[in-house]
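Please keep the sequence and the model in view while working through the numbered points.

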Amino acid sequence: MRLASLALVALFALASAGTAGADAAASWKSKCQSCHGADGKSDTPMGKGMKAPDLTAPAIQEQDTAALVAASVAIKQHAASFGSLSDAEKTALIEHVKSLGP
Ligand code: HEC
């Protein structure tokens, strides 16, 4: 019985880790991709128009996750996309940005 509930807890942990990744990819598509593109290079009409940076560049990739979250929240062009996100979602999306790096 105890073993079974431990196994259940482990299963839940795995399942939610899996959805966090999937959620981040889906949120990236709906909230970030219009400016930053699927690949994070910001090679989109909106990204170019706003001079959004290539997020795969070393200057961005070298920063740690917490610093990038703080910098992103402060960007005024992010008011609409970051405004409705929880702290966990912000972190998951910045981790997604980091996964796009070289
Ligand atoms: C409306 C266009 C737009 C959308 C949507 C957008 N961004 Fe940005 N983003 C920008 C622009 C413009 C900059 C550069 C701003 C500056 O340097 O002043 C930027 C910069 C960044 C940076 C670099 C921060 C730094 O340290 O220089 C990161 C990381 C980032 N965006 C992540 C995201 C994520 C994650 C999302 C989705 C939640 C998102 N962006 C949605 C326009 C956008």
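**Notes on the predicted model**

1. D23 is a residue of helix 1. D23 has 16 other C-beta atoms within 10 Å, so it is classed as partly exposed; the buried class would require 20 or more, and the exposed class 12 or fewer. Although D23 and E89 are 66 residues apart along the chain, their C-alpha atoms are separated by 8.5 Å.

2. The chain contains six helices and zero strands, and its pattern, read along the sequence, is α-α-α-α-α-α. Of the 102 residues in the chain, 14% are buried. Consider also the contacts between residues at least 6 apart in sequence: 50% of these join residues at least 24 apart.

3. How do helix 4 and helix 6 cross? Two packed helices are described by the angle between their axes and by the distance between those axes. The axes of helix 4 (residues 65-74) and helix 6 (residues 87-99) come within 9 Å, and the crossing angle is roughly 110°. Angles of 65 to 115 degrees count as roughly perpendicular, and the two helices are therefore roughly perpendicular to each other. The crossing of helix 4 past helix 6 is right-handed.

4. The residues that form this contact can be listed for each helix. Helix 4 contributes T65, L68, V69, S72 and V73, while helix 6 contributes K90, T91, I94, E95, V97 and K98. Sorted by class, the contact of helix 4 with helix 6 comprises five nonpolar, three polar and three charged residues.

5. S99 also belongs to helix 6. Is S99 buried or exposed? S99 is exposed, because 12 other C-beta atoms lie within 10 Å. The C-alpha atoms of S99 and G40 are separated by 9.8 Å, and the two residues are 59 residues apart along the chain.

6. G47 is located in helix 2. G47 counts as buried because it has 21 C-beta neighbours inside 10 Å. Which residues does G47 touch, not counting those up to four places away in sequence? They are C35, H36, G37, S42 and A52. For G47 and C35, the C-alpha to C-alpha separation is 4.1 Å, and the two are twelve residues apart in sequence.

7. Most residues other than glycine have a negative phi. S42 is not a glycine, yet it has a positive phi of about 60°. S42 is found in the loop between helix 1 and helix 2 (45-49). With 20 C-beta neighbours inside 10 Å, S42 counts as buried; the threshold for that class is 20 or more.

8. K51 is a residue other than glycine with a positive phi, near 55°. K51 lies in the loop between helix 2 and helix 3 (58-61). Is K51 buried or exposed? K51 is exposed, because 8 other C-beta atoms lie within 10 Å. The pair may thus be set side by side: S42 is buried, whereas K51 is exposed.

Methods
Residues are numbered from 1 along each chain as its sequence is written. This is a predicted model: local features need pLDDT of at least 70, side-chain atom pairs count only at pLDDT 80 or more; totals for chains, interfaces and linings use all residues. Axes are lines fitted to C-alpha atoms, for helices over the stretch in contact, and angles run from 0 to 180 degrees between N-to-C directions. Helices (H or I, at least four residues) and strands (E, at least two) are DSSP runs, numbered from the N terminus. Angles under 35 degrees count as roughly parallel, over 145 as roughly antiparallel, 65 to 115 as roughly perpendicular and the rest as oblique. A crossing is left-handed if the near helix is turned anticlockwise from the far one by less than a right angle, and right-handed if clockwise. Two residues are in contact if their C-beta atoms, placed from the backbone, lie within 7 Å. Ala, Val, Leu, Ile, Met, Phe, Trp, Tyr, Cys and Pro count as nonpolar, Asp, Glu, Lys and Arg as charged, and the others, Gly among them, as polar.
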